[in-house]
Amino acid sequence: GVSIADLSEEALAKFRRERLGFVFQDFNLLDTLTIEENIGLALSLNHQDPGTVQNQVREVAGKLGITDILAKFPYQVSGGQKQRTACARAMVAGQSLLLADEPTGALDSRSAGELLDVFQKENEKGQTILMVTHSVQAASRASRVLFLRDGKLAAELRRRPGEDFYQQVADSLAALGKGGRKSA
């Protein structure tokens, strides 16, 4: 109910910190912080109690299968572990909107599927997730897919119960790749 265009710089920074979670394609982890500290950074910046931070970090790390690396530094872990850390950092505070740029890009197919399972469960609990992806697998797990072409909306699909959504996404992508316009 509040226009972000009318917010002061300070209020806008607070809005971003408290309401938005970001998953960056290139992780944006701080090399001088442990994985645990990277995940809990937003909570610490919001002056959360250290015990609460630790509990929330461990909970989200457990969901993403990275509890065993919490004491390590980003340069000591794989790209897939960095990607799951970036996702954990975005999810830890329960922000209203999670913005994810290619969140499965650095993951093998099994790990990607596991991450998408976590996203789906969080979405079912009310978490809004806006994901940018080129992956048919990732897109087909969404409830709604928007296809952009040259910066404009080219097609839209909405999941309906019992449909093969993967095939619909793949077919739409193929049609758009051939220069055609496919509408839902």
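In which sense do strand 2 and strand 3 pair, and over how many bridges? Strand 2 (residues 97-101) and strand 3 (residues 128-132) pair in the parallel sense, over 5 bridges; two strands count as paired if DSSP finds at least two bridges between them. The model is predicted, so local features need pLDDT of at least 70 and side-chain atom pairs count only at pLDDT 80 or more, while totals for chains, interfaces and linings use all residues. Residues are numbered from 1 along each chain as its sequence is written, and side-chain values use heavy atoms, with hydrogens and water left out.

**Overall layout**

- The secondary structure comes to 7 helices and 5 strands; helices (H or I, at least four residues) and strands (E, at least two) are DSSP runs numbered from the N terminus.
- From the N terminus on, the elements run α-β-α-α-α-β-α-β-α-β-β-α.
- The C-alpha trace spans about 50 × 45 × 30 Å along its principal axes.
- Of the 184 residues, 35% are buried; buried means under 20% relative accessible area, exposed over 50%, and partly exposed in between, with a 1.4 Å probe and protein chains only.
- Among contacts between residues at least 6 apart in sequence, 62% join residues at least 24 apart; a contact means heavy atoms within 4.5 Å.

**The parallel sheet and its helices**

- An open sheet is formed by 3 strands in the order 1-2-3, with parallel pairing.
- Strand 1 (20-23) and strand 3 stand at the edges with a single partner strand each, so one side of each is left without a neighbour in the sheet.
- From one strand to the next, the twist averages 15 degrees. Axes are lines fitted to C-alpha atoms, for helices over the stretch in contact, and angles run from 0 to 180 degrees between N-to-C directions.
- Strand 1 is joined to strand 2 by 4 bridges, and Leu20 has Leu97 in strand 2 as its bridge partner.
- Helix 4 lies across strand 1 and strand 2 and runs at about 175 degrees to strand 1.
- Helix 5 also packs on the sheet, where it touches strand 2 and strand 3, and its direction makes about 145 degrees with that of strand 3.
- The bridge partner of Leu98 in strand 3 is Ile129.
- Strand 2, helix 5 (residues 109-124) and strand 3 make a right-handed β-α-β unit. Right-handed means that, with the strands pointing away from the viewer, the path from the first strand over the helix to the second runs clockwise.

- Buried residues in helix 2 (residues 35-45) are Ile35, Asn38, Ile39, Gly40, Ala42 and Leu43.
- Helix 3 (50-63) and helix 4 (79-91) are among the elements that cover them.
- The largest nonpolar core has 26 residues, of which Ile39 and Leu64 touch the most other members. Such a core is a set of buried Ala, Val, Leu, Ile, Met, Phe, Trp, Tyr and Cys residues joined through side-chain atoms within 4.5 Å.
- At least two residues of this core come from each of helix 2, helix 3, helix 4, strand 2 and helix 5; helix 4 gives the most, with 5 residues.
- Apart from its neighbours within four places in sequence, Ile39 is in contact with Val57, Val60, Ile66, Leu70, Thr85, Ala88, Arg89 and Val92.
- A second, separate core of 10 residues includes Val145, Leu157, Phe165 and Val169.

**The hairpin**

- Strand 4 (residues 144-149) and strand 5 (residues 152-158) run antiparallel and are joined by 6 bridges.
- The two strands form a hairpin with 2 residues between them, and Asp150 in the turn has a positive phi of about 55 degrees.
- Arg149 has Lys152 in strand 5 as its bridge partner.

**Individual residues**

- His47, which follows helix 2, has a positive phi near 60 degrees.
- Pro50 is found in helix 3 and counts as exposed, at 63% relative accessibility.
- Gln25 lies in the loop between strand 1 and helix 2 and is partly exposed, with a relative accessible area of 46%.
- Leaving aside neighbours within four places in sequence, Gln25 is in contact with Gln83, Asp101 and Glu102.
- Gln25 and Asn46 are 21 residues apart in sequence and 24 Å apart in space, C-alpha to C-alpha.
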